[in-house]
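Reader: I would like to learn how to read a few features of a structure. Please give the general idea each time, then the case at hand.

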Amino acid sequence: MSLLAKIAVATSVSIALSISLQASDLVKKGEKIFNTKKIGNCLACHAVNGKDIDNPGDLGPKLSGLKNYPDKYLYDKVYNPYTTNPTSAMPPFGLNGILMPDEIKAVVAYLKTIQ
Ligand code: HEC
């Protein structure tokens, strides 16, 4: 392999690594928001399939299979659940300004890891 080809391979490997690192940072941020009372407090209403959650509430459904849901559905659900369910008991986290759009994106990245 020529030196140039080696550099090209090394560069694309490191780009791929940093992208997956960023993605997992986003998931971690979303998980923290999900589980922290003063931020998202999603655990007050939702248990999550396959994740160890400390004493979840059950006003909302146990979340499962979300990895197959479209990102937009999940974003809209967290932003304003009334768009898909006008009588939802879930607070509109985006509409109410509880979570900023980049925080909702992180939450969606976490939701997409739910089996
Ligand atoms: C006060 C209770 C409550 C809180 C807090 C809450 N939810 Fe919900 N959630 C619900 C209820 C009730 C439903 C079912 C009705 C509906 O779909 O709107 C629901 C539905 C959902 C759904 C759709 C599930 C499906 O299978 O379609 C997702 C995703 C979700 N919640 C994510 C979240 C996230 C993320 C948070 C935190 C940012 C959160 N919820 C906080 C009550 C809550």
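Reader: Which helices each supply at least two residues of the shell around the ligand?

Author: Two remarks on the source come before that. This is a predicted model, in which local features need pLDDT of at least 70 and side-chain atom pairs count only at pLDDT 80 or more, while totals for chains, interfaces and linings use all residues. Residues are numbered from 1 along each chain as its sequence is written. As to the shell, α2 and α3 each supply at least two residues. Helices here are DSSP runs (H or I, at least four residues; strands are E, at least two), numbered from the N terminus. The most comes from α2, with three residues.

Reader: Which residues come nearest to the ligand?

Author: A residue is near a molecule or strand if its C-beta atom, placed from the backbone, lies within 6 Å of it. There are 24 residues around the ligand, of which Cys42, Cys45, Gly60, Ser88 and Met90 come nearest.

Reader: How do the residues of that shell divide into nonpolar, polar and charged?

Author: Ala, Val, Leu, Ile, Met, Phe, Trp, Tyr, Cys and Pro count as nonpolar, Asp, Glu, Lys and Arg as charged, and the others, Gly among them, as polar. In the shell around the ligand, 17 are nonpolar, six polar and one charged.

Reader: At what angle do the axes of α2 and α3 cross?

Author: Two packed helices are described by the angle between their axes and the distance between the axes. Axes are lines fitted to C-alpha atoms, for helices over the stretch in contact, and angles run from 0 to 180 degrees between N-to-C directions. Helix α2 (residues 71-79) and helix α3 (residues 101-111) have axes that come within 9 Å and cross at roughly 125°. The two helices are therefore oblique to each other; angles under 35 degrees count as roughly parallel, over 145 as roughly antiparallel, 65 to 115 as roughly perpendicular and the rest as oblique.

Reader: Which residues make the contact of α2 and α3?

Author: Two residues are in contact if their C-beta atoms, placed from the backbone, lie within 7 Å. From α2 come Asp71, Leu74, Tyr75, Val78 and Tyr79, and from α3 come Ile104, Val107, Val108 and Leu111. By class, the contact holds eight nonpolar residues, no polar ones and one charged.

Reader: Is Val108 buried or exposed?

Author: A residue is buried if 20 or more other C-beta atoms lie within 10 Å of its own, exposed if 12 or fewer, and partly exposed in between, with C-beta atoms placed from the backbone. Val108 counts as buried because it has 23 C-beta neighbours inside 10 Å. Leaving out residues up to four places away in sequence, Val108 touches Gly30, Asp71, Leu74, Tyr75 and Val78. Asp102, which also lies in helix α3, has 10 such neighbours and so counts as exposed.

Reader: What is phi of Asn41 and of Asn55?

Author: Most residues other than glycine have a negative phi, and most peptide bonds are trans. Phi of Asn41 is near 55°, a positive value, and phi of Asn55 is near 55°, also positive. Asn41 is in the loop between α1 (3-35) and α2, and Asn55 is found in the loop between α1 and α2. With 17 C-beta neighbours inside 10 Å, Asn41 counts as partly exposed, whereas Asn55, with 7, counts as exposed.
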